[in-house]
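Open the structure in your viewer and keep the selection panel at hand. The tour moves from one selection to the next and says what is there.

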Amino acid sequence: MGDTSIAANRSALKDFLGSIATISGDLSNITAPPFLLAENSTVEIPQFWCDHAHLFVRQAWGDTAEQRALNVLESFMGALRNQQYAGRKESEGVKKPLNAFLGELFLGKWEDEELGETRLVSEQVSHHPPITACYIWNDKHGVRAEGFTEQEITFSGNVSIKQKGYATLHIDKYDEDYLMPVPNVKVKGILGGKPYPELQGGYSLISSTGYVSKITFEGKSFFGGGQKNGFDAKMYHIDNPKETLYHAKGVWNGESTFEDARTGKEIERLDFATLRSLPLQISPTTEQDPWESRRAWGGVITALRKGDMKTAAAEKSIVEQGQRQMRADEAKNGTTWKSLFFKPVSQDPVFESLSKHDPSSFTVDRQGGIWKVDKDAIQTAQRPYHGELTPTNQRTGAGGASTRSDASGDHHQRRSQSEADAAAAVPTPSATTSSQQHGSSASGGEAPTRTQHPDKQDLPLRPKTEPPNAREPERDGKGPTDAEVEEFLRDKFSASAR
(Lines give C-alpha, C1' and ligand atoms only; values in the text may rest on other atoms or scores of the structure.)
Protein backbone atom coordinates (compact mmCIF):
# COMPACT_ATOMS: atom_id res chain seq x y z
CA MET A 1 0.00 0.00 0.00
CA GLY A 2 1.12 3.55 -0.60
CA ASP A 3 2.43 6.15 1.81
CA THR A 4 -0.41 8.54 2.58
CA SER A 5 1.78 11.35 3.93
CA ILE A 6 1.93 14.61 2.03
CA ALA A 7 5.72 14.65 2.22
CA ALA A 8 5.90 11.34 0.34
CA ASN A 9 3.66 12.65 -2.45
CA ARG A 10 5.32 15.97 -3.27
CA SER A 11 5.44 15.36 -6.98
CA ALA A 12 1.72 14.66 -7.14
CA LEU A 13 1.13 17.60 -4.80
CA LYS A 14 2.94 19.98 -7.14
CA ASP A 15 0.84 18.75 -10.06
CA PHE A 16 -2.34 19.27 -8.03
CA LEU A 17 -1.30 22.76 -6.97
CA GLY A 18 -0.49 23.53 -10.58
CA SER A 19 -3.99 22.54 -11.61
CA ILE A 20 -5.79 24.64 -8.99
CA ALA A 21 -3.47 27.62 -9.49
CA THR A 22 -5.26 28.28 -12.79
CA ILE A 23 -8.67 28.38 -11.09
CA SER A 24 -10.06 31.66 -9.82
CA GLY A 25 -12.76 31.76 -7.18
CA ASP A 26 -13.97 29.31 -4.56
CA LEU A 27 -12.31 25.89 -4.34
CA SER A 28 -14.32 24.56 -1.40
CA ASN A 29 -15.95 21.74 -3.38
CA ILE A 30 -12.88 20.78 -5.40
CA THR A 31 -11.90 17.10 -5.40
CA ALA A 32 -8.50 16.67 -3.74
CA PRO A 33 -6.21 13.66 -4.31
CA PRO A 34 -6.63 10.95 -1.65
CA PHE A 35 -3.22 11.52 -0.02
CA LEU A 36 -4.40 15.02 0.96
CA LEU A 37 -7.57 13.75 2.62
CA ALA A 38 -8.17 13.43 6.34
CA GLU A 39 -10.05 10.46 7.77
CA ASN A 40 -13.04 12.59 8.68
CA SER A 41 -15.54 14.95 7.14
CA THR A 42 -16.07 18.67 7.66
CA VAL A 43 -19.30 17.81 9.49
CA GLU A 44 -17.15 16.44 12.35
CA ILE A 45 -15.25 19.68 12.95
CA PRO A 46 -17.84 21.24 15.32
CA GLN A 47 -17.03 18.60 17.94
CA PHE A 48 -13.81 20.46 18.72
CA TRP A 49 -15.71 23.52 19.93
CA CYS A 50 -16.42 21.34 22.97
CA ASP A 51 -13.29 19.20 22.98
CA HIS A 52 -12.52 20.54 26.47
CA ALA A 53 -15.99 19.96 27.87
CA HIS A 54 -15.03 21.40 31.28
CA LEU A 55 -14.20 24.75 29.65
CA PHE A 56 -17.46 24.66 27.73
CA VAL A 57 -19.52 24.03 30.88
CA ARG A 58 -17.51 26.44 33.03
CA GLN A 59 -18.81 29.31 30.93
CA ALA A 60 -21.96 29.19 33.11
CA TRP A 61 -20.14 29.01 36.46
CA GLY A 62 -19.00 32.58 37.08
CA ASP A 63 -20.63 34.48 39.96
CA THR A 64 -20.57 37.77 38.04
CA ALA A 65 -21.18 38.71 34.42
CA GLU A 66 -17.54 39.77 34.26
CA GLN A 67 -16.31 36.36 35.36
CA ARG A 68 -18.58 34.58 32.91
CA ALA A 69 -17.35 36.76 30.04
CA LEU A 70 -13.78 35.81 30.96
CA ASN A 71 -14.78 32.13 31.05
CA VAL A 72 -16.24 32.47 27.55
CA LEU A 73 -12.96 33.96 26.29
CA GLU A 74 -10.96 31.09 27.81
CA SER A 75 -13.29 28.46 26.36
CA PHE A 76 -13.13 30.04 22.91
CA MET A 77 -9.33 30.13 22.96
CA GLY A 78 -9.09 26.61 24.38
CA ALA A 79 -11.10 25.17 21.49
CA LEU A 80 -8.97 26.59 18.68
CA ARG A 81 -6.02 24.19 18.69
CA ASN A 82 -7.91 20.93 18.27
CA GLN A 83 -10.43 22.61 16.02
CA GLN A 84 -7.78 23.79 13.56
CA TYR A 85 -5.91 20.48 13.55
CA ALA A 86 -9.15 18.46 13.60
CA GLY A 87 -7.76 16.26 16.35
CA ARG A 88 -4.54 15.40 14.50
CA LYS A 89 -1.12 15.73 16.07
CA GLU A 90 0.59 18.96 15.12
CA SER A 91 3.65 16.98 13.98
CA GLU A 92 1.46 15.30 11.34
CA GLY A 93 0.24 18.60 9.92
CA VAL A 94 -3.28 19.21 8.68
CA LYS A 95 -5.12 17.43 5.91
CA LYS A 96 -8.22 18.38 3.96
CA PRO A 97 -11.41 16.97 5.50
CA LEU A 98 -13.77 15.13 3.18
CA ASN A 99 -16.35 17.43 1.62
CA ALA A 100 -19.49 16.71 3.62
CA PHE A 101 -22.49 15.72 1.50
CA LEU A 102 -25.89 17.36 1.88
CA GLY A 103 -27.72 15.89 4.87
CA GLU A 104 -24.64 14.31 6.44
CA LEU A 105 -24.88 13.97 10.23
CA PHE A 106 -22.44 13.69 13.13
CA LEU A 107 -23.89 12.95 16.57
CA GLY A 108 -22.30 12.29 19.93
CA LYS A 109 -21.91 13.19 23.59
CA TRP A 110 -19.39 13.83 26.37
CA GLU A 111 -20.00 12.41 29.84
CA ASP A 112 -18.44 13.24 33.20
CA GLU A 113 -19.67 12.76 36.78
CA GLU A 114 -19.29 16.44 37.64
CA LEU A 115 -20.14 17.94 34.26
CA GLY A 116 -23.02 15.63 33.44
CA GLU A 117 -23.89 15.00 29.81
CA THR A 118 -23.04 17.37 26.97
CA ARG A 119 -24.52 16.53 23.57
CA LEU A 120 -23.69 17.40 19.97
CA VAL A 121 -25.70 17.48 16.75
CA SER A 122 -23.92 18.53 13.55
CA GLU A 123 -25.45 18.53 10.08
CA GLN A 124 -24.43 19.55 6.58
CA VAL A 125 -27.33 21.82 5.66
CA SER A 126 -26.02 23.00 2.29
CA HIS A 127 -23.56 21.73 -0.31
CA HIS A 128 -23.47 24.66 -2.74
CA PRO A 129 -22.31 26.67 -0.86
CA PRO A 130 -20.97 24.21 1.76
CA ILE A 131 -22.52 25.04 5.14
CA THR A 132 -22.25 23.05 8.37
CA ALA A 133 -24.55 23.80 11.33
CA CYS A 134 -24.18 22.49 14.88
CA TYR A 135 -25.83 22.52 18.29
CA ILE A 136 -24.05 21.66 21.58
CA TRP A 137 -25.88 21.67 24.90
CA ASN A 138 -25.59 20.67 28.55
CA ASP A 139 -28.88 20.74 30.46
CA LYS A 140 -27.35 20.06 33.87
CA HIS A 141 -25.48 23.36 33.83
CA GLY A 142 -27.80 25.22 31.47
CA VAL A 143 -25.33 26.11 28.73
CA ARG A 144 -26.01 25.69 25.02
CA ALA A 145 -24.34 26.86 21.82
CA GLU A 146 -25.31 26.78 18.18
CA GLY A 147 -23.70 28.05 15.02
CA PHE A 148 -23.05 27.60 11.34
CA THR A 149 -20.15 28.19 9.02
CA GLU A 150 -19.80 28.48 5.26
CA GLN A 151 -16.30 28.08 3.88
CA GLU A 152 -14.84 29.80 0.85
CA ILE A 153 -11.43 28.41 -0.12
CA THR A 154 -8.96 30.12 -2.45
CA PHE A 155 -5.35 29.38 -3.39
CA SER A 156 -2.48 31.78 -4.08
CA GLY A 157 0.64 30.10 -2.78
CA ASN A 158 -1.11 29.30 0.48
CA VAL A 159 -4.63 28.00 1.02
CA SER A 160 -6.90 30.72 2.40
CA ILE A 161 -10.14 29.70 4.10
CA LYS A 162 -12.66 32.48 4.58
CA GLN A 163 -15.37 31.52 7.05
CA LYS A 164 -18.84 33.03 6.83
CA GLY A 165 -21.11 32.55 9.81
CA TYR A 166 -21.09 32.79 13.58
CA ALA A 167 -22.01 31.00 16.80
CA THR A 168 -24.14 32.03 19.75
CA LEU A 169 -23.90 30.83 23.34
CA HIS A 170 -26.76 31.01 25.84
CA ILE A 171 -26.53 30.63 29.62
CA ASP A 172 -29.92 29.67 30.99
CA LYS A 173 -29.53 30.75 34.62
CA TYR A 174 -28.65 34.33 33.77
CA ASP A 175 -30.46 34.54 30.41
CA GLU A 176 -27.22 35.76 28.82
CA ASP A 177 -26.21 35.53 25.18
CA TYR A 178 -22.74 35.65 23.62
CA LEU A 179 -21.94 36.16 19.97
CA MET A 180 -18.81 34.38 18.74
CA PRO A 181 -17.00 34.59 15.38
CA VAL A 182 -15.50 31.88 13.18
CA PRO A 183 -11.95 33.08 12.34
CA ASN A 184 -10.45 32.96 8.86
CA VAL A 185 -7.58 30.54 8.34
CA LYS A 186 -4.51 30.43 6.12
CA VAL A 187 -2.83 27.04 5.63
CA LYS A 188 0.93 27.41 5.24
CA GLY A 189 3.86 25.03 4.77
CA ILE A 190 2.10 22.94 2.13
CA LEU A 191 5.08 22.00 -0.02
CA GLY A 192 7.16 21.35 3.08
CA GLY A 193 5.01 18.29 3.69
CA LYS A 194 3.58 19.49 7.01
CA PRO A 195 0.85 22.06 6.39
CA TYR A 196 -0.15 24.08 9.43
CA PRO A 197 -2.91 26.62 10.07
CA GLU A 198 -2.54 30.29 10.94
CA LEU A 199 -5.54 32.29 12.12
CA GLN A 200 -5.89 35.75 10.67
CA GLY A 201 -7.52 39.05 11.60
CA GLY A 202 -9.24 40.64 14.57
CA TYR A 203 -12.48 39.40 16.09
CA SER A 204 -14.77 40.18 19.01
CA LEU A 205 -16.63 37.97 21.47
CA ILE A 206 -19.68 40.06 22.43
CA SER A 207 -21.93 39.53 25.45
CA SER A 208 -25.48 40.73 26.01
CA THR A 209 -24.19 42.01 29.38
CA GLY A 210 -21.94 44.51 27.58
CA TYR A 211 -18.58 42.76 27.87
CA VAL A 212 -16.46 42.49 24.72
CA SER A 213 -13.26 40.49 24.23
CA LYS A 214 -11.29 41.81 21.26
CA ILE A 215 -8.92 39.14 19.91
CA THR A 216 -6.15 39.83 17.41
CA PHE A 217 -4.42 36.86 15.77
CA GLU A 218 -0.82 37.61 14.86
CA GLY A 219 0.79 34.76 12.95
CA LYS A 220 4.18 34.57 11.29
CA SER A 221 4.60 37.04 8.47
CA PHE A 222 6.15 36.39 5.05
CA PHE A 223 9.22 38.36 6.13
CA GLY A 224 9.70 36.41 9.36
CA GLY A 225 8.15 38.83 11.83
CA GLY A 226 5.40 38.08 14.30
CA GLN A 227 4.65 35.06 16.45
CA LYS A 228 3.50 31.77 14.96
CA ASN A 229 -0.05 31.09 16.22
CA GLY A 230 0.17 34.20 18.39
CA PHE A 231 -2.80 36.10 19.75
CA ASP A 232 -3.54 39.10 21.94
CA ALA A 233 -6.91 39.66 23.60
CA LYS A 234 -8.34 42.50 25.65
CA MET A 235 -11.64 42.47 27.48
CA TYR A 236 -13.60 45.64 28.20
CA HIS A 237 -17.15 46.84 28.83
CA ILE A 238 -18.96 48.86 26.17
CA ASP A 239 -19.69 51.56 28.76
CA ASN A 240 -15.95 52.25 29.04
CA PRO A 241 -14.13 50.74 26.03
CA LYS A 242 -10.84 52.47 26.88
CA GLU A 243 -10.51 50.57 30.17
CA THR A 244 -9.05 47.09 29.66
CA LEU A 245 -10.33 44.73 32.34
CA TYR A 246 -8.43 41.60 31.36
CA HIS A 247 -5.51 41.00 29.02
CA ALA A 248 -4.65 37.61 27.53
CA LYS A 249 -1.73 36.79 25.28
CA GLY A 250 0.35 33.88 24.06
CA VAL A 251 -0.21 31.23 21.40
CA TRP A 252 -3.51 29.50 20.80
CA ASN A 253 -1.83 26.11 20.43
CA GLY A 254 0.43 26.47 23.49
CA GLU A 255 0.96 28.48 26.64
CA SER A 256 -1.01 31.63 27.30
CA THR A 257 -1.51 33.94 30.25
CA PHE A 258 -4.57 35.80 31.50
CA GLU A 259 -4.11 38.79 33.77
CA ASP A 260 -6.26 41.38 35.49
CA ALA A 261 -5.27 44.53 33.59
CA ARG A 262 -6.35 46.75 36.48
CA THR A 263 -3.85 45.22 38.90
CA GLY A 264 -1.34 43.66 36.53
CA LYS A 265 -1.75 40.38 38.43
CA GLU A 266 -1.65 37.11 36.51
CA ILE A 267 -4.81 35.17 37.36
CA GLU A 268 -4.41 32.15 35.10
CA ARG A 269 -1.88 30.38 32.91
CA LEU A 270 -3.19 27.80 30.46
CA ASP A 271 -1.29 25.52 28.13
CA PHE A 272 -3.73 24.72 25.34
CA ALA A 273 -1.42 21.96 24.07
CA THR A 274 -1.74 19.94 27.28
CA LEU A 275 -5.32 20.62 28.33
CA ARG A 276 -6.96 17.28 28.77
CA SER A 277 -9.96 16.35 26.69
CA LEU A 278 -12.98 14.24 27.44
CA PRO A 279 -13.49 11.57 24.78
CA LEU A 280 -16.43 12.14 22.51
CA GLN A 281 -18.69 9.10 22.60
CA ILE A 282 -20.44 8.05 19.41
CA SER A 283 -22.35 4.95 18.41
CA PRO A 284 -20.42 2.11 16.74
CA THR A 285 -20.61 2.52 12.98
CA THR A 286 -22.68 -0.68 12.66
CA GLU A 287 -25.38 0.96 14.81
CA GLN A 288 -25.32 4.36 13.14
CA ASP A 289 -27.93 5.69 10.77
CA PRO A 290 -26.83 5.48 7.10
CA TRP A 291 -26.62 9.29 7.05
CA GLU A 292 -24.16 9.48 9.93
CA SER A 293 -20.74 10.51 8.77
CA ARG A 294 -18.47 7.63 9.74
CA ARG A 295 -20.87 5.00 8.48
CA ALA A 296 -21.47 6.84 5.21
CA TRP A 297 -17.73 7.34 4.58
CA GLY A 298 -16.71 3.99 6.08
CA GLY A 299 -15.26 2.57 2.87
CA VAL A 300 -13.20 5.70 2.26
CA ILE A 301 -11.88 5.84 5.82
CA THR A 302 -10.89 2.16 5.81
CA ALA A 303 -9.03 2.55 2.52
CA LEU A 304 -7.21 5.69 3.69
CA ARG A 305 -6.02 3.92 6.83
CA LYS A 306 -4.65 1.10 4.71
CA GLY A 307 -2.94 3.54 2.35
CA ASP A 308 -5.03 2.18 -0.54
CA MET A 309 -5.50 5.35 -2.53
CA LYS A 310 -7.20 3.63 -5.47
CA THR A 311 -9.92 2.12 -3.31
CA ALA A 312 -10.31 5.36 -1.35
CA ALA A 313 -10.97 7.24 -4.58
CA ALA A 314 -13.42 4.59 -5.79
CA GLU A 315 -15.36 4.52 -2.51
CA LYS A 316 -15.48 8.30 -2.40
CA SER A 317 -16.81 8.37 -5.97
CA ILE A 318 -19.72 6.08 -5.03
CA VAL A 319 -20.98 8.58 -2.45
CA GLU A 320 -20.38 11.58 -4.69
CA GLN A 321 -22.11 10.03 -7.71
CA GLY A 322 -25.07 9.04 -5.56
CA GLN A 323 -25.37 12.61 -4.31
CA ARG A 324 -25.18 14.05 -7.83
CA GLN A 325 -27.95 11.70 -8.97
CA MET A 326 -30.03 12.65 -5.94
CA ARG A 327 -29.79 16.33 -6.86
CA ALA A 328 -30.70 15.49 -10.46
CA ASP A 329 -33.74 13.53 -9.29
CA GLU A 330 -34.83 16.47 -7.12
CA ALA A 331 -34.53 18.86 -10.03
CA LYS A 332 -36.53 16.50 -12.24
CA ASN A 333 -39.27 16.07 -9.64
CA GLY A 334 -39.35 19.70 -8.58
CA THR A 335 -38.46 18.90 -4.97
CA THR A 336 -35.91 20.44 -2.61
CA TRP A 337 -33.81 18.75 0.06
CA LYS A 338 -35.01 19.51 3.59
CA SER A 339 -32.52 19.59 6.44
CA LEU A 340 -33.33 17.55 9.53
CA PHE A 341 -32.19 19.39 12.67
CA PHE A 342 -31.68 22.97 11.45
CA LYS A 343 -33.77 25.44 9.53
CA PRO A 344 -32.96 28.67 7.67
CA VAL A 345 -34.29 31.90 9.14
CA SER A 346 -34.47 35.38 7.70
CA GLN A 347 -33.30 37.09 10.89
CA ASP A 348 -31.57 36.27 14.17
CA PRO A 349 -32.39 38.87 16.86
CA VAL A 350 -29.36 37.92 18.99
CA PHE A 351 -26.99 38.38 16.07
CA GLU A 352 -28.63 41.63 14.99
CA SER A 353 -28.45 43.03 18.52
CA LEU A 354 -24.86 42.08 19.37
CA SER A 355 -23.03 42.27 16.03
CA LYS A 356 -23.58 46.03 15.83
CA HIS A 357 -20.85 46.43 18.47
CA ASP A 358 -18.27 45.12 15.96
CA PRO A 359 -19.73 44.34 12.52
CA SER A 360 -16.26 43.71 11.05
CA SER A 361 -15.94 40.50 13.09
CA PHE A 362 -18.69 38.71 11.19
CA THR A 363 -19.32 37.82 7.56
CA VAL A 364 -22.69 36.30 6.72
CA ASP A 365 -23.76 35.12 3.27
CA ARG A 366 -27.45 35.99 3.23
CA GLN A 367 -27.98 33.85 0.14
CA GLY A 368 -26.47 30.86 1.95
CA GLY A 369 -28.83 31.58 4.82
CA ILE A 370 -28.79 31.97 8.59
CA TRP A 371 -29.25 28.56 10.20
CA LYS A 372 -30.80 27.90 13.62
CA VAL A 373 -31.45 24.67 15.48
CA ASP A 374 -34.95 23.19 15.21
CA LYS A 375 -35.62 22.10 18.80
CA ASP A 376 -38.84 20.37 17.83
CA ALA A 377 -36.82 18.14 15.52
CA ILE A 378 -34.38 17.46 18.34
CA GLN A 379 -37.35 16.12 20.31
CA THR A 380 -39.19 14.19 17.62
CA ALA A 381 -36.82 12.98 14.87
CA GLN A 382 -36.68 9.20 14.49
CA ARG A 383 -34.44 6.70 12.84
CA PRO A 384 -34.07 5.97 10.01
CA TYR A 385 -33.84 9.72 9.51
CA HIS A 386 -34.54 9.62 5.77
CA GLY A 387 -36.57 6.45 5.53
CA GLU A 388 -35.16 3.91 3.09
CA LEU A 389 -33.02 6.49 1.25
CA THR A 390 -29.25 6.25 1.72
CA PRO A 391 -26.56 8.84 0.87
CA THR A 392 -25.59 6.81 -2.22
CA ASN A 393 -29.15 7.26 -3.56
CA GLN A 394 -30.05 3.64 -2.92
CA ARG A 395 -32.93 2.13 -0.96
CA THR A 396 -32.50 -0.11 2.06
CA GLY A 397 -35.73 -2.02 1.45
CA ALA A 398 -39.04 -2.03 -0.36
CA GLY A 399 -42.52 -1.00 0.68
CA GLY A 400 -41.46 0.84 3.82
CA ALA A 401 -40.03 -2.30 5.39
CA SER A 402 -37.41 -0.35 7.33
CA THR A 403 -38.13 -0.32 11.05
CA ARG A 404 -38.61 3.13 12.50
CA SER A 405 -37.38 3.64 16.01
CA ASP A 406 -36.40 6.57 18.16
CA ALA A 407 -32.76 7.55 18.00
CA SER A 408 -31.86 5.84 21.25
CA GLY A 409 -32.62 2.47 19.67
CA ASP A 410 -35.59 1.80 22.01
CA HIS A 411 -38.77 1.53 19.93
CA HIS A 412 -41.02 2.61 22.80
CA GLN A 413 -38.83 4.83 24.91
CA ARG A 414 -40.86 7.64 26.54
CA ARG A 415 -39.58 11.18 25.98
CA SER A 416 -40.12 14.10 28.36
CA GLN A 417 -40.44 17.74 27.36
CA SER A 418 -36.91 18.65 28.41
CA GLU A 419 -34.13 18.64 25.87
CA ALA A 420 -32.12 16.21 27.96
CA ASP A 421 -34.83 13.57 27.80
CA ALA A 422 -35.73 14.69 24.29
CA ALA A 423 -32.38 13.65 22.88
CA ALA A 424 -34.20 11.24 20.62
CA ALA A 425 -32.57 13.04 17.72
CA VAL A 426 -29.19 11.88 18.91
CA PRO A 427 -28.28 8.21 19.15
CA THR A 428 -27.40 7.18 22.68
CA PRO A 429 -23.74 6.42 22.06
CA SER A 430 -22.04 3.38 23.45
CA ALA A 431 -18.80 3.68 25.35
CA THR A 432 -16.98 3.84 22.03
CA THR A 433 -14.93 7.05 21.96
CA SER A 434 -14.06 9.26 19.06
CA SER A 435 -10.41 8.23 19.08
CA GLN A 436 -11.31 4.55 19.25
CA GLN A 437 -13.68 4.97 16.33
CA HIS A 438 -10.94 6.60 14.32
CA GLY A 439 -8.69 3.61 14.91
CA SER A 440 -5.28 4.32 13.41
CA SER A 441 -4.20 7.85 12.74
CA ALA A 442 -3.38 9.13 9.28
CA SER A 443 0.24 8.26 9.82
CA GLY A 444 -0.62 4.63 10.42
CA GLY A 445 -0.08 4.67 14.18
CA GLU A 446 -2.64 4.16 16.90
CA ALA A 447 -4.90 7.07 17.69
CA PRO A 448 -3.85 8.92 20.85
CA THR A 449 -5.41 7.84 24.10
CA ARG A 450 -7.55 10.52 25.68
CA THR A 451 -8.22 10.93 29.37
CA GLN A 452 -11.70 10.05 30.58
CA HIS A 453 -11.93 12.74 33.26
CA PRO A 454 -10.41 16.23 33.32
CA ASP A 455 -7.62 16.88 35.78
CA LYS A 456 -8.62 19.33 38.50
CA GLN A 457 -5.79 21.56 37.25
CA ASP A 458 -7.97 22.07 34.18
CA LEU A 459 -10.47 23.83 36.44
CA PRO A 460 -8.35 26.49 38.18
CA LEU A 461 -9.93 28.78 40.72
CA ARG A 462 -9.76 32.52 40.16
CA PRO A 463 -10.28 35.34 42.66
CA LYS A 464 -13.79 36.76 42.50
CA THR A 465 -14.13 40.20 40.99
CA GLU A 466 -16.96 42.64 41.26
CA PRO A 467 -18.61 44.04 38.13
CA PRO A 468 -17.61 47.61 37.21
CA ASN A 469 -19.68 50.45 38.56
CA ALA A 470 -22.45 51.71 36.22
CA ARG A 471 -21.58 50.40 33.30
CA GLU A 472 8.15 31.66 12.11
CA PRO A 473 7.14 28.23 10.96
CA GLU A 474 9.00 25.48 12.76
CA ARG A 475 11.74 23.86 10.67
CA ASP A 476 12.65 20.20 10.88
CA GLY A 477 15.54 20.35 8.46
CA LYS A 478 13.34 19.04 5.64
CA GLY A 479 11.31 20.86 3.05
CA PRO A 480 11.22 24.50 1.96
CA THR A 481 10.21 27.55 3.95
CA ASP A 482 6.97 29.38 3.19
CA ALA A 483 8.98 32.02 1.34
CA GLU A 484 10.51 29.31 -0.87
CA VAL A 485 7.08 27.81 -1.47
CA GLU A 486 5.60 31.10 -2.58
CA GLU A 487 8.62 31.86 -4.77
CA PHE A 488 8.30 28.44 -6.40
CA LEU A 489 4.60 28.98 -7.09
CA ARG A 490 5.12 32.47 -8.47
CA ASP A 491 7.83 31.22 -10.82
CA LYS A 492 5.89 28.19 -12.02
CA PHE A 493 2.41 29.69 -12.26
CA SER A 494 3.04 33.38 -12.90
CA ALA A 495 1.61 33.05 -16.39
CA SER A 496 -1.50 31.20 -15.23
CA ALA A 497 -4.82 32.92 -15.60
CA ARG A 498 -6.40 33.82 -12.25
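A salt bridge here is a side-chain nitrogen of Lys or Arg within 4 Å of a carboxyl oxygen of Asp or Glu. The model is predicted, so local features need pLDDT of at least 70, side-chain atom pairs count only at pLDDT 80 or more, and totals for chains, interfaces and linings use all residues. Residues are numbered from 1 along each chain as its sequence is written, and side-chain values use heavy atoms, with hydrogens and water left out.

**Stop 1: helix H6**

Select residues 309–333. This is helix H6, with 25 residues. Helices (H or I, at least four residues) and strands (E, at least two) are DSSP runs, numbered from the N terminus. The expected span of a helix is 1.5 Å times one less than its number of residues. For H6 that gives 36 Å, and the end C-alpha atoms are 36 Å apart, in agreement.

Now colour the helix by burial. Buried means under 20% relative accessible area, exposed over 50%, and partly exposed in between (1.4 Å probe, protein chains only). Buried residues of H6 include Ala 312, Val 319, Gly 322 and Met 326. Lys 316, Gln 323 and Glu 330 are buried too.

What do the buried residues of H6 pack against? Show strand S1 (37–41), strand S2 (96–98), helix H4 (293–296) and helix H5 (298–306). Contact means heavy atoms within 4.5 Å.

Step just past the helix to Gly 334. Its phi is positive, about 70°.

**Stop 2: a pair within H6**

Select Arg 327 and Glu 330. They form a salt bridge, with the closest N and O atoms 2.8 Å apart. The two are 3 residues apart in H6, which means a separation of about one helical turn. Arg 327 is partly exposed at 25% relative accessibility. Glu 330 is buried at 13%.

**Stop 3: a pair across a loop**

Go to Arg 366 and Glu 352. Their side chains meet in a salt bridge (3.3 Å, N to O). Arg 366 sits in the loop between helix H7 (349–354) and strand S17 (370–373), and Glu 352 in H7, so the pair ties together parts 14 residues apart in sequence. Both partners are partly exposed: Arg 366 at 48%, Glu 352 at 33%.

**Stop 4: a network**

Select Lys 109, Glu 111, Glu 117 and Arg 119. Salt bridges with shared partners join these four into one network. Zoom in on Glu 117 and Arg 119, whose side chains meet at 2.8 Å, N to O. Glu 117 is partly exposed at 26%; Arg 119 is buried at 4%.
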